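Welcome, and thanks for taking a look at this one with me. Below is a short briefing to read alongside the model.

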Amino acid sequence: MFKILKYSFYDLARSRWSYIYFLFYLVLALVLLFLNHDLSKAVITLMNVIIVLVPLIGTIFGVMYYYNSREFTELLLAQPIKRNSIFLGQYLGISISLSLSLFLGIGIPFALYGLFNSAAIWDFSLLLITGVFLTFIFVALAFNISLRNENKIKGFGYAVLLWLFLAVIYDGIFLMSLILFEDYPLDKLSLAGTMLNPVDLSRTLILLKLDISALLGYTGAVFKQFFGTNLGLFISLAVLFLWTIVPTFSILRKARRKDF
Amino acid sequence: MSFRIQYGWVCIAFLFFQMNLKAVEVCNSCPISSIQKGINTALSGDTIWVKKGTYKEFNILVDKPLTIIGLDYPVVDGEDKGEILRIISDGVTIDGLFVINVGTSYTTDYAAIRVVRSKNFTIKNVVLENLFFGIFLEKSSYGKVYHNKIIGDAVDEYNSGNGIHLWYSHSVEISKNIVQGVRDGIYLEFSDSILVSENISRQNLRYGLHFMFSNNDVYSNNEFENNGAGVAVMFSKKIKMNNNLFKDNWGTASFGLLLKEINDLEIIENVFENNTIAISVEGANRVNYFNNTFKSNGWAVKVRGACYSNLFQGNQFLNNSFDVSYNSRINDNLFEGNYWSKYSGYDLDKNGIGDIPYRPVKLFSYIVNRTPETIVLLRSLFIDIIDFSEKVSPVFTPDELVDNKPLMKPK
């Protein structure tokens, strides 16, 4: 497995897409900090970008990589290597290289602008953690889609649709249902709705740091317990972890049974 | 002859000493071993020196103009039996006592120091601990409450009292006090012409400062921090508030400042930081908000209705989750020349004023007003999209609620 991970990782490290991705974040963070020296404000802006862009790039990259390396995968399958290690290796390879691009791309400018002496370091590390989680989750989802679709166009279509759904449409439906059922107690529903979408979940995690004062404005015992204590942080992180684990197992299950 | 004159002088001096400069000493081993005895033996205008020690007394009655000074903070222990000091005479000064263990009652407002129908009193350098009510001014005026420290340990609202309580008192100066851990830090009811300045009121169960039916008052340079529900100003007019700090008032029913049924108010150069709601306004008219700073609050200004002719000028709105929230479409308030950290316009003529107006009310704040649970969708991409479309063509938010001269840079 580690050989394949290493191979995938180096393969991607040599590809220019990783560099473009890395440079994009580098330039974005540098420009943000250049225009505005306030680190915590830059964290807020970056959060909006990361929550939308990281899933998009994760899905597209995942699908693209799978289809591109399909022939090589078939070659590997002919060798006496476990299927688990092939697919897990590829998955981890791509997720780690994307995470690294993100990590370095944002990390370097912030470090240059004195992150380590600033109070924003916790908000920033939370931002990076959620970014990394989102990368792992969406690459896994992309692998699931491409494993199930032989047709490239279809696979890409589903991947983009998945991103669009989780990043935008889901919140629309969520909002409409909350307004529709406003006569009923909704605090549990609204928290459950957040948990079911990794994008919302990451957003909530960052909100816990940035907008805690607004979140506490709502009267509700469940809300108060969730947002007012560290419980919300732990539950969100745990569910994000689940969101990473479950699609990964689904990849392995599908890969074991798939007839190539 | 000369002997006689000399003798006369000595007599006069002696008499003078007797009349005006007589000092009564109270200490645990002195002939006068209790403060009450000291007061009983002293004459009007005397000074009572209370030496270091513990005096287990309550219901001490000060019924003549006296100056009671504690040396090295003598402890007056009420043993939870009731009220400790009651002042019913004009011109009394209390200085440097350490008063503890005021009795708790559900029928009587026992206070550590109560001033009743008196004038020209001064209460300073007093430390109060384990109290019910702290300093209670009842129909008293022209006094000074200066540099006291009130540390309570209140747990429930129903069986705790207020730190500094004014009732039908006027022309009193309350300054440089520290009040914490009581129900309401400073409480004013039917009290006019009061100056509240440089006090620190924090960690109180209910309000840091509570204002009811009190007019022409000024409060400046105070710090209100981490109180159960912040500061409430209700049913009052002609109040001036300036340079105060409202900080960390978090919770579901919590705000930095609550204005309810208020007229002719000036709120100038205050700082509101990390409050759930910085200012909650209801039925406030002709209020001027000038040069205040709102930083990292959940809601900077939440207008609940019936607010007319309010003026917001030169304020800074920095990183608040919601800048202004309205629950109606009618607007009679003017926003002009404020700095909004969310403003994304440009300034082509470089005069420091943005060329396109700023709309501080977001559609999402309406949605949250209607269905509070939707707050979990804060900062979602979908919400940004609907906010943007509302900004382009307002349907739900007040049309004319705009800042036509938003500043490009914070002050």
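Across all chains, the structure contains one disulfide. Please keep in mind as you browse that this is a predicted model.

**The disulfide**

- The bond joins Cys27(B) to Cys30(B), with 2.0 Å between their sulfur atoms.
- The torsion about the S-S bond of Cys27(B) and Cys30(B) is about 100°, so this disulfide is right-handed.
- Are the two partners buried or exposed? Cys27(B) is buried, because its relative accessible area is 10% and the cut-off for buried is under 20%.
- Cys30(B), at 18% relative accessibility, also counts as buried.
- Another cysteine to look at is Cys307(B), which is buried at 7% relative accessibility.

**The largest nonpolar core**

- This core has 182 residues, and those touching the most other members are Phe110(A), Ile94(B), Tyr219(B), Leu257(B) and Leu259(B).
- Which element gives the most to this core? That is helix H6 of chain A, residues 121-148, which supplies 16 residues.
- In chain B, domain 1 (22-226) and domain 2 (229-411) each provide at least three residues to the core.
- Leaving aside residues up to four places away in sequence, Phe110(A) touches Ala29(A), Leu33(A), Leu39(A), Ala42(A), Val43(A), Leu46(A), Leu115(A) and Phe124(A).

**Aromatic rings and charges**

- Over all chains, the count of aromatic pairs comes to 32.
- One of them is formed by Phe335(B) and Trp340(B), whose ring centres are 6.2 Å apart. The angle between their planes is 45°, and the pair is tilted.
- Phe335(B) and Trp340(B) are both buried.
- Rings in chain B also have charged neighbours: the charged end of Arg114(B) sits over the ring of Phe136(B), at 4.2 Å from the ring centre.
- Over the face of Tyr146(B) you will find Lys144(B), 5.4 Å from the centre of the ring.

**A loop residue in chain A**

- Where is Asp183(A) found? Look in the loop of chain A between helix H7 (152-180) and helix H8 (187-195).
- Asp183(A) counts as exposed, because its relative accessibility is 72% and exposed means over 50%.
- From Asp183(A) to Ile245(A), the C-alpha to C-alpha distance is 36 Å, with the two residues 62 apart in sequence.

Methods
Residues numbered from 1 in each chain as written. Chains lettered and ligands numbered in written order. Predicted model: local features only at pLDDT ≥ 70, side-chain atom pairs only at ≥ 80, totals over all residues. Heavy atoms only, no water. Phe/Tyr/Trp six-rings, centres within 6.5 Å; stacked < 30°, edge-to-face > 60°. Buried < 20%, exposed > 50% of the residue type's maximum accessible area, 1.4 Å probe, protein only. Lys NZ or Arg CZ within 6 Å of the ring centre and 35° of its normal. Core = buried A, V, L, I, M, F, W, Y, C linked by side-chain atoms within 4.5 Å. Helix = DSSP H or I, 4+ residues; strand = E, 2+ residues; numbered from the N terminus. Domains from an automatic or database assignment. Contact = heavy atoms within 4.5 Å. Disulfide = S-S within 2.5 Å.
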